[in-house]
Amino acid sequence: MIHDYGVIGGGIVGLAAAREIAKARPGAAMVLFEKEAAISRHQTGHNSGVIHSGIYYAPGSFKARLCRDGALATKLFCAEHGIPFETCGKLLVAASAAELTRMEALYERARENAIDVERIDAKELTRREPNIVGLAALFVPATAIVDYKRVSTALADDFKAAGGNVELSSEVVAIEEEADAVSVSTRSQTFRTRRLIVCGGLQADRIAQMAGVAISHQIVPFRGEYYTVNPRRAGLINALIYPIPDPELPFLGIHLTRTMDRGVIVGPNAVLGLAREKYQKFSFEARDVASFVAFPGFWRAIRPHWRSGLREFRNALSKRAYLEECRKYCPSLTIEDLEPAVAGIRAQAVLRDGSFAHDFLFAETARTLHVCNAPSPAATSAIPIGRVIASKILERDK
């Protein structure tokens, strides 16, 4: 049998793309390959569950548009599928004079992105959040929380209901593109498909190279380590609490997030990962480390950020240092309040010149489309990203 469309990757982006194609091509033969025994085992299943508003992103950028559209689409999808979510809003708290200046720039960016945002002073911040301190804050009411594993399961169910086949425990080990089809080999069998989409996440660069695609980037893993706040302090915050980001740094910084099970998580930090898909602290995979050490872009990327990198490592090694980052805007937190939680690993595409790819990267051949970088907020943006991917591949069959 030859399939019309194949998708590699059972994370939320791959599932959204597969579902979109299945909707657009009723009756098409489709197959999705996932190497794990269940979907959403990696980035999708290890994020903080936030439906983002898109306040951080450059006005008019692809990422800003997809995030804004994705927030609406995700909430609508959840409502249609009976998946609970909560629009609790987000406060971006300025804790210093420098952050106040950056806060004003962020306010203007939000207005340019057509995002509803409210300035509040220190007194109003204390009224809304008695456990949080700051000089001022921005309130973004549209930010919400959800369980993305449930969203992914619903996307997979829609795909299967439309006739799609999900092949679990099916790691792809070879891809060979032919004139009229693509051969995709797992460890147990070979499939043929007329079109192939790759949403490989943490393995996106390796799968592209396996398919013979010339790429100029590499995935560098960054661990995001979390703590869970002790349940006795479950009412610590009302909205999500974020710092004002430093535009000179590649990551947002530690924040406090409510979860759908009525808990609160703290994090993540961002430390260089020594394994792409191992989540225990101090995990190490020689192949993964050798990959980025041998890549010139990695060394160019870390050179301007070594000081912040050392600070992140200190926070990873010391629970007390991690706590001090949190206490900048939540001074009542104590060391006893923080309980270890499962880490996440971010697939960060780094270009050969050392720059971080902050937007989506695609690579194409005659019969394949590779999503080489799907940066945060990929979970929020998954449904419109799926539409973009589907339109790119379906355009070829007109």
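## Two domains

In this predicted model, the chain is assigned two domains, and each is built from separate stretches of sequence: domain 1 takes residues 1–86, 145–216 and 357–397, while domain 2 takes residues 90–141 and 219–351. The C-alpha centres of domain 1 and domain 2 are 26 Å apart.

## The interface between the domains

How many residues of each domain are in contact with the other? On the side of domain 1 there are 37, and they touch 40 residues of domain 2. The size of an interface is often expressed as the accessible area lost when the parts come together. Between domain 1 and domain 2, about 3200 Å² is buried, and carbon and sulfur atoms give 55% of this area.

Polar links also cross the interface. There are 18 residue pairs in polar contact between domain 1 and domain 2, counting pairs with both residues at pLDDT 80 or more. Several elements give two or more residues to the side of domain 1 that touches domain 2: the helices α2 (62–81) and α6 (204–210), and the strands β4 (85–86), β8 (144–146) and β22 (368–373). By type, the residues on this side are 15 nonpolar, 14 polar and eight charged.

## Salt bridges

Four salt bridges are counted between domain 1 and domain 2. A salt bridge is also formed by D205 and R276, whose closest N and O atoms are 2.8 Å apart.

## An annotated region

An unreviewed UniProt entry lists residues 93–120 as a "coiled-coil region". In the model, this span is 57% helix and 18% strand.

Conventions:
Residues numbered from 1 in each chain as written. Predicted model: local features only at pLDDT ≥ 70, side-chain atom pairs only at ≥ 80, totals over all residues. Heavy atoms only, no water. Domains from an automatic or database assignment. Contact = heavy atoms within 4.5 Å. Buried area = accessible area lost by both parts, 1.4 Å probe. Salt bridge = Lys/Arg side-chain N within 4 Å of Asp/Glu carboxyl O. Polar contact = N/O pair within 3.5 Å; in protein donor to acceptor, adjacent residues only side chain to side chain. Helix = DSSP H or I, 4+ residues; strand = E, 2+ residues; numbered from the N terminus. Nonpolar A, V, L, I, M, F, W, Y, C, P; charged D, E, K, R; others polar. UniProt positions renumbered as here; feature names shortened; annotations may be inferred.
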